[in-house]
Amino acid sequence: MSRFKAVIFDLDGVITDTAHYHYLAWKQLAESQGVHFDHAFNENLKGIDRMGSLDLILASSSRTYTPEEKLALADTKNLHYQELIATMSSKDLLPGAVEALDAVRRAGLRIGLASVSKNAFTVLGRLGITDKFDYVVDAATIARGKPDPEIFLKAARELGVAPADCLGVEDAVAGVAAIKSAGMFALGIGHPFVLTEADVVITSLKEFNLAAY
Ligand code: BG6
Ligand code: MG
């Protein structure tokens, strides 16, 4: 039924629309520092960890920031983000997400989650899908964020599956790059014009068809 032995999913923007909440929280933070922020700029932040995202935003600022100031700004953004996700529930699952997870399970493949978000366990809990994963990478244990392959390689190792036997699912340019440099097949969620490195791009998990990849 499938040539793969595991499917490793990203979370934000793939399984749930937290990508929008990250956008709102970063936009408020950026504008508080006089930095223009729009959807095009946000595309560069998708999949990038918290401090990496902040550095990209502050690169457009006219002033410099001390490490302490940066930590305070990152905390401000995170508190706002946590307020936004506090009322999430299973109604916030993106269309096709549960069906895709269940199809992978039925096909007998292992299922991993590779999100660089330190809020991933909270979000999974609110969505009520924690037990659908065989392994969830703890972002706090990852030294290098996407596009580095570390997080996908760790997921594969913990699942006991060779990278070449893994299908990675991502909505971010940096995430697709991480999957490809891990030596995996990349399924992009979004637009082929944006996710140019992906092996296949679909609009959403509603179109997920394991047998087709
Ligand atoms: C990624 C998101 O999944 O997690 C990024 O795509 C986000 O937008 C990153 O910055 C880190 O998330 P958090 O919750 O640790 O700030
Ligand atoms: Mg994502």
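## Basis of the description

The model is predicted, with local features requiring pLDDT of at least 70 and side-chain atom pairs pLDDT 80 or more, whereas totals for chains, interfaces and linings use all residues. Residues are numbered from 1 along each chain as its sequence is written, chains are lettered from A and ligands numbered from 1 in the order written, and side-chain values use heavy atoms, without hydrogens and water.

## The shell around ligand 1

Around ligand 1 there are 15 residues, of which D12, R50, S117, K118 and N119 come nearest (a residue is near if one of its heavy atoms lies within 4 Å). The shell divides into four nonpolar, six polar and five charged residues, where Asp, Glu, Lys and Arg count as charged, Ala, Val, Leu, Ile, Met, Phe, Trp, Tyr, Cys and Pro as nonpolar, and the others, Gly among them, as polar.

Because domain 1 (6-16 + 90-212) and domain 2 (19-85) both give residues to this shell, ligand 1 lies between them; the domain bounds come from an automatic or database assignment.

## Polar contacts

Polar contacts are pairs of N or O atoms within 3.5 Å. Oxygen atoms of ligand 1 lie 2.6 Å from a polar side-chain atom of D12, 2.7 Å from an N or O atom in the side chain of R50, and 3.0 Å from a polar backbone atom of I48.

## A cis peptide bond

Most peptide bonds are trans. K146 and P147, however, are joined by a cis peptide bond with omega of about 15°.

Definitions and conventions:
Polar contact = N/O pair within 3.5 Å; in protein donor to acceptor, adjacent residues only side chain to side chain.
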